[in-house]
Amino acid sequence: MKRKMVLALVLAVSFLWTSATVNAASKGKVVLGMAGALSTFDPHTFSSLPISMHHPNVFETLLTRAPDGSLKTLLAKSYKMASPKVWEFKLREGLKFSNGDPITAEAVKFSFERILNPKMKSKQYRYFKSIKSLEVVDKYTVRIHTKKADPMLPPFLAIYGFIVPPKHYKKHNKKFLARNPVGSGPYVVKKWRKGEEVVYEENPNASRKPKVKTAVVKFIPESTTRVAALISGDVDIIDNLPPGLSGRVKASKGAEVITKQSPRTNYILMVIKKGAPWMDVRVRRAMNLAIDRNSITKNVMMGFAKPVAVLDGPASFGHNPNLKPYPYNPAKAKKLLAEAGFGKGFSFDVYIPRGRFMMGKEALEGIAGQWARIGLKANVRVMEWGSMKKIIFSKYKDNVKPFLYYLARMNTAFSTEHMFAGAISSRSAYGGFRDKGIDKLINEARSTMDNAAREKKYQEIGRILRHEKVPIVPLYQTFRIFGVRKKLSWTPRADGKLIAAEVGLAGSN
């Protein structure tokens with residue numbers, strides 16, 4: 001029965017490839033202005049939001065997410081759970097990489113073994129660490145054997161696990177492959193000037209055609225410059241439009257603002273260890289109750305954010321709809337602090353990376369002001385991300401004073417488990433909370449095959465975190481804000497990604 005319930009979820013998905021999609025000739029050109037730069041075109045080494053918006057132009061995965069967020073097949077035409085520890089994938093036949101090599105089960109096996117190879121030190125390993133081995137059944141059938149039952153594997157296969165041609169990737173070293181990618185995606189890389197621009201051209205061997213023949217991505221990190229380029233017509237679409245600049249776009253003649261609530265949650269983590277005032281759960285509750293989230297989302301985020309109760313939003317599998325965001329109650333917060341022995345308050349440092357999160361610094365300064373009203377002095381420390389990571393990774397050292405830090409996590413797997421494992425689990429390098437009981441519950445839920453039972457387990461973990469443990473300060477999910485020239489035909493994705501191959505011209509196919 002359990003196995004049937006899992007199969008009911010995963011076997012129903014299919015990716016509709018019509019002859020029009022396959023054979024339509026792409027025409028035209030679009031120019032994108034994006035904030036985040038690309039560091040590599042090697043599809044197996046790193047994982048980040050900027051990378052995940054570029055690699056799907058060039059590479060393909062076994063599964064994918066449609067723009068509406070639904071899980072679909074891509075290189076695989078079907079898949080099933082052959083047994084609790086075996087996933088079987090049937091590939092579409094006759095597909096080719098951009099260099100003409102065939103896409104086969106051997107290519108799938110090679111690609112995953114490359115990610116799992118310890119010498120690669122792949123940042124994507126954490127998504128696929130449950131994989132024990134890959135088995136080629138025949139030319140177009142591959143089986144993935146897992147160490148234990150892993151019903152969460154399909155969602156991760158829709159994010160990473162790009163398939164590449166073995167001969168090309170065996171022949172060259174990593175430095176060459178980082179700049180000379182070969183995949184089966186809609187585009188090939190025509191030119192790449194690191195930190196400046198990427199020029200994509202239609203892949204003649206692609207089964208899925210891009211919306212336009214040529215796409216140029218210009219990397220423009222400075223917000224006002226990005227907006228100016230859009231209004232002048234130098235670029236056709238921009239991402240990461242700050243709320244404060246949206247009015248300029250709306251007032252322009254040829255562009256408009258398009259928004260989409262993203263699965264990216266912003267939150268503040270506490271390093272919960274000996275010596276920290278927030279070792280006492282009453283203090284953690286007080287710090288949450290002292291924040292007026294509605295005021296922050298309205299006045300700082302200008303309405304482009306929505307408060308959350310824990311870490312996930314309603315689009316996530318395992319979301320508990322009965323949990324509500326913390327209410328604003330400074331009087332109760334003061335009472336809890338007094339009960340915990342901190343009636344006179346205390347001071348602490350809270351770190352945030354420079355320019356990494358939309359209006360993050362402004363929001364954190366607003367929160368610090370609200371904490372001050374209950375006697376807590378938060379010293380906001382703005383740093384470069386590289387420096388801040390070093391501080392985060394040293395948080396449990398005895399000579400490091402307890403601190404807080406502001407982060408955001410993108411839930412592109414649309415799973416509460418993905419958020420819990422990345423921010424709450426003791427194994428998370430970015431988490432600040434260690435609890436064996438919670439770790440056990442997360443692990444048990446991850447391996448539960450019955451979907452309904454697994455969802456209930458995640459909902460219960462959410463309830464415990466919200467009402468009992470209180471290990472973080474959940475804030476809100478932000479909206480992805482785009483500036484778009486009216487000549488375009490484009491719909492924002494549920495996962496918030498801006499993928500060049502999906503941007504088209506109005507009136508085109």
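Buried means under 20% relative accessible area, exposed means over 50%, and partly exposed lies in between (1.4 Å probe, protein chains only). The model is predicted, so local features need pLDDT of at least 70 and side-chain atom pairs count only at pLDDT 80 or more, while totals for chains, interfaces and linings use all residues. Residues are numbered from 1 along each chain as its sequence is written, and side-chain values use heavy atoms, with hydrogens and water left out.

**Exercise 1. The whole chain**

Task: State how many helices and strands the protein chain has, and why it counts as compact as a globular protein of its length.

Solution. 
Step 1. The protein chain has 19 helices and 19 strands; helices (H or I, at least four residues) and strands (E, at least two) are DSSP runs, numbered from the N terminus.
Step 2. The radius of gyration is 23 Å, close to the 23 Å that the globule rule gives for 509 residues, so the chain is as compact as a globular protein of that length. The radius is taken over C-alpha atoms, and the rule is 2.2 Å times the number of residues to the power 0.38.
Step 3. The C-alpha trace spans about 70 × 60 × 40 Å along its principal axes.
Step 4. Of the 509 residues, 56% are buried.

**Exercise 2. Salt bridges**

Task: Describe the salt bridge between Lys487 and Asp236, then the pairs Arg282 with Asp280 and Arg493 with Asp495.

Solution. 
Step 1. Side chains of opposite charge can pair when their charged atoms come close. The rule asks for a side-chain nitrogen of Lys or Arg within 4 Å of a carboxyl oxygen of Asp or Glu. By this rule the count is 23 salt bridges.
Step 2. Lys487 and Asp236 are joined by a salt bridge at 3.1 Å, N to O. This pair links distant parts of the chain, 251 residues apart: Lys487 is in the loop between β17 (472-485) and β18 (488-489), and Asp236 is in the loop between α10 (223-232) and β11 (237-238).
Step 3. Lys487 has a relative accessible area of 45%, so Lys487 is partly exposed. Asp236 has 5%, so Asp236 counts as buried.
Step 4. Arg282 and Asp280 form a salt bridge at 2.8 Å, N to O; Arg282 is partly exposed, at 30%.
Step 5. Arg493 and Asp495 meet at 3.0 Å, N to O, and both residues are buried.
Step 6. Lys191, Arg193, Glu196, Glu197 and Lys218 belong to one network, joined by salt bridges that share partners.
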